[in-house]
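Trainee: I would like to go through this model strand by strand. Can we put it on the screen first?

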Amino acid sequence: MFLMLALFLFWPILQGAPPQQYIELSKFWKEASVIETGMTRPLAVITCPSKDSVSDGWLIAADSSGKLAEYFSDGNSWTARRSFTAGTPLLCICAAAPKPDMDFHLYGGTKTGQIIEVSRGVMGWSKHEIMQLPGPIKTIFATEAGGGGIPSVLFVIDGNGKIYQLIPPDLTFTDVPGGASLIVAHHYGQRLWAAAAGAKGDIYRYVRDSLGIWHTDPWAKMAAGPKYFAAAIDPSLRDIAVYYAGNDGLFRFLFLGYTEDKKARVPVADGASNILGGGTQRRFNEFFGISNNEFCMFEFNFDDKAWHKVPIDKIEPPVVSTNFGFGVNDRVAQMYVMGANGKIHQFVRYKN
C-alpha cells in the first residue's frame, strides 16, 4: 500500500507535473525539548519503539566509554529511568528487533572486535558477547523492524572491511573490493535491499531473493568515499536508493538511473552531515541533516521540481548522532540530534 502511494505521488517527478495531494509539512516541525545526559564522550542516541509502535518506547543515550542511560516518555517529556553499562568501551551501537515479537535489543561493536548484545528484561538490562571479529569494528547497522512480523536484519563491518550479516546468520555476502566502510539496508515490502560503500567511493548493491540468498553487483562509482550514508525510499520503486554525503563535501541522491556521480548530486545539500534518510515513518521526498550548524530538512518541492533546504533550528557543533522515533499523541514523527556536549535535541512534527 505504501509503495503504491509513493509511486502515485513521486511519479510526477519523473513525468514533470506536481501531484494535487502534495502538502508542504516542513513548517510543522519544531524543537520540543532538550535532554541533558551529562555524558562527556557521547556516542549515539538510540530509539527503541514500543511493540505496538504507538508510543516512543525507550530512548537510549550511549557514551563511547560504554555507559548507557535509559529515558522514558510520558508523551510530552523524557525522564531518566536508569543508567547501566555495556561493560566495555564502544565504537558503534544500534538497536534491532531480531524476532517478530518486536522486542528490541542493543548491539555494540568494540575496538577489539567484540560484538555485544544488551537486552532489557523485567530486572533491568543484561549483556553478553555474541561474536568476536577482527577489530576495530567499523560499523554496525540494523534495518527497521517491518510490518507483518518482519524482523530486523543486523549487519557488521569488521576492521578488515569484511561484511557480515549477523542476524539472522548469513554467509552469502560478497565483499567490496578493498573493503567496505559503511552499509545501509531497507525493507521494501517483503524485499530487502542493501548497499555497501568502499573507502574510495565504490558502491555495491545487494538484493536478497526469495530463498534468502544475496546477489551482488557494482552499482555506482563516486568521486570520493562516503562520510555519511543513509537508506532512502526509491521513487522508481525498482531499486535501492541511498543518500550519499562524500568526504569531498558534495552530496548525492542515488537511485535507478541516477547512479552517475554528477547526475546524482544535490547541490543545495553540499556539506551536509549526519544524514537521516527514508524509512517507515518518513515521507519519501525529504531527508534531514546538519548544515552550517543548523538542523535542516531537505525537501523535494513539486512546484519547481527541485530540492530545497529548510532550516529547523540551530545546533551547537559538533553533532555525533541523529535518529528517528515514532510520533506520539498529536505528533506524526520525532527526531533526535545528539551533540558532543551531551545534549539531545528532540524535534517533533505535528499533524496540523
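Trainee: How many bridges join strand 11 to strand 12?

Mentor: The model is predicted, so local features need pLDDT of at least 70 and side-chain atom pairs count only at pLDDT 80 or more, while totals for chains, interfaces and linings use all residues. Residues are numbered from 1 along each chain as its sequence is written, and side-chain values use heavy atoms, with hydrogens and water left out. Strands are DSSP runs of E, at least two residues long, and helices are runs of H or I of at least four, numbered from the N terminus; two strands pair if DSSP finds at least two bridges between them. Strand 11 (residues 154–157) runs antiparallel to strand 12, and the number of bridges joining them is four.

Trainee: Which residue of strand 12 stands opposite phenylalanine 155?

Mentor: Strand 12 covers 163–167 and is an edge strand, pairing on one side only. The residue in strand 12 opposite phenylalanine 155 is glutamine 165.

Trainee: Which residue takes a positive phi in the hairpin of strand 11 and strand 12?

Mentor: That hairpin has five residues between the strands. The phi value is near 85°, and the residue is glycine 161.

Trainee: What is the order of the open sheet of three strands?

Mentor: Strand 10 (139–142) is an edge strand, as is strand 12. Strand 10 is joined to strand 11 by four bridges in the antiparallel sense, and threonine 139 stands opposite isoleucine 157. The order is 10-11-12.

Trainee: Are the side chains that strand 11 points to its two sides buried or exposed?

Mentor: In a regular strand the side chains alternate between the two faces of the sheet. Here Leu154 and Val156 point one way, and Phe155 and Ile157 the other. Buried means under 20% relative accessible area, exposed over 50%, and partly exposed in between, with a 1.4 Å probe and protein chains only. By that rule, all of these residues are buried.

Trainee: Why is one side of strand 13 and of strand 16 left without a neighbour in the sheet?

Mentor: These strands belong to an open antiparallel sheet of four strands, in the order 13-14-15-16. Strand 13 (180–188) and strand 16 (214–221) stand at its edges, so one side of each lacks a neighbour because each has a single partner strand.

Trainee: Which residue of strand 14 stands opposite alanine 185?

Mentor: Strand 13 and strand 14 (residues 191–198) pair antiparallel over eight bridges. In strand 14, the residue opposite alanine 185 is alanine 194.

Trainee: Which residues have the most contacts inside the largest nonpolar core?

Mentor: A nonpolar core is a set of buried Ala, Val, Leu, Ile, Met, Phe, Trp, Tyr and Cys residues joined through side-chain atoms within 4.5 Å. The largest has 36 residues, and those with the most contacts inside it are Ile203, Tyr243 and Phe251.

Trainee: Which strand gives the most to this core?

Mentor: Elements giving two or more residues to the core include strand 17 (226–232), strand 18 (241–246) and strand 22 (294–301). The largest share is five residues, from strand 18.

Trainee: How many disulfides are there?

Mentor: A disulfide is a pair of cysteine sulfur atoms within 2.5 Å. For cysteine 92, the nearest cysteine sulfur is that of cysteine 94, 7.9 Å away. Cysteine 92 counts as buried at 8% relative accessibility, and cysteine 296 is buried at 0%. The disulfide count is zero.
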